Amino acid sequence: MTDAGKALPVSRRPSPNHGERRTGPTDILLLHYTGMADAEQALDRLCDPQSGVSSHYFVHEDGTILQLVEEERRAWHAGMSSWAGETDINSRSIGIEIANPGHAAMAEDNRLPPYPDLQIDAVIALCRTLVQEHAIPKQRILAHSDVAPARKSDPGEAFPWARLAGAGIGHWADPKPPQGGRFLSAGDAGQPVEALQTMLRYYGYGIEISGHFDEPTKHVVTAFQRHFRQQHVDGVADASTIQTLHDLISTLP
Ligand SMILES: [Zn+2]
């Protein structure tokens, strides 16, 4: 088996939910949170033949890593999704489920449940191994919300992408602090909206270039912020959001 278990302590918990990969190469890492209060329940679901969902790897809060599906097989975690023109993300990706209750467990002060350091250490080690093994480009280490912005918000804006980037995992540009300035939001139309959509699409997001700041555009801007400008996630393309997007595009490998 040509899997990360050769390089890392990984236990097996086989899921029956997988099939043949239909396209290739395997060059996306897709990160998720489980969105459930109980990690064991989430794991049971990913291994339940009735659920129709799975992932290749599962990372517990204490950093324990489990492998559910062999990397050469197509696991079922992305659903309807799109990135850089590809819509069969399951065929192109390795899916990692990270135990975290997510937005459903948001506290009254709007705080999301944090990811423990031990867990993130394990995610970094796992990603590093997979990136090396499959030669996955930095800019293709993605959030589920990046590839399915209208449906998904995981792993969420509490996920420490900056820490991963500091460890060499993923594409990153330090976001400018949000401070107002000229911005675009729902209902706006015209050339500046078209330019924003063009940049988002160029980066990889599945977005129509319509010149109208419609609901799908708001979802994509929100997804972008969850990943790259986490301080303020509101679906409004303010100066900081646009500058951060610009910085990412100009540093694409
Ligand atoms: Zn997900």
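**Exercise 1.** Are Phe159 and Trp161 buried or exposed?

*Solution.* The model is predicted. Start with the cut-off: a residue counts as buried under 20% relative accessible area. Phe159 has 0% relative accessibility, so Phe159 is buried. Trp161 is buried as well.

**Exercise 2.** Classify the ring pair of Phe159 and Trp161.

*Solution.* A pair of aromatic rings is described by the distance of the centres and the angle of the planes. First, the distance: the centres lie 4.9 Å apart. The limit for a pair is 6.5 Å. Next, the angle: the planes stand at 70°. Over 60 degrees counts as edge-to-face. The pair is edge-to-face.

**Exercise 3.** Which type of pair do Tyr115 and Phe159 form, and where do they sit in the chain?

*Solution.* A search of the whole structure gives eight aromatic pairs. In this one the ring centres are 5.1 Å apart and the planes meet at 90°, so the pair is edge-to-face. Now locate the residues. Tyr115 is in the loop between strand 7 (93–98) and helix 3 (117–134). Phe159 is in the loop between helix 4 (144–147) and helix 5 (161–166). They are 44 residues apart, and the pair links distant parts of the chain. Last, check Tyr115: its relative accessibility is 8%, so Tyr115 counts as buried.

**Exercise 4.** How compact is the protein for its length?

*Solution.* Begin with the elements: there are eight helices and eight strands. The radius of gyration is 18 Å. The globule rule gives 18 Å for 253 residues, so the protein is as compact as a globular protein of that length. Then look at burial: 51% of the 253 residues count as buried.

Key. Residues are numbered from 1 along each chain as its sequence is written. This is a predicted model: local features need pLDDT of at least 70, side-chain atom pairs count only at pLDDT 80 or more; totals for chains, interfaces and linings use all residues. Side-chain values use heavy atoms; hydrogens and water are left out. Rings of Phe, Tyr and Trp (its six-membered ring) pair if their centres lie within 6.5 Å; planes under 30 degrees apart count as stacked, over 60 as edge-to-face and the rest as tilted. Helices (H or I, at least four residues) and strands (E, at least two) are DSSP runs, numbered from the N terminus. Buried means under 20% relative accessible area, exposed over 50%, partly exposed in between (1.4 Å probe, protein chains only). The radius of gyration is taken over C-alpha atoms; the globule rule is 2.2 Å times the number of residues to the power 0.38.
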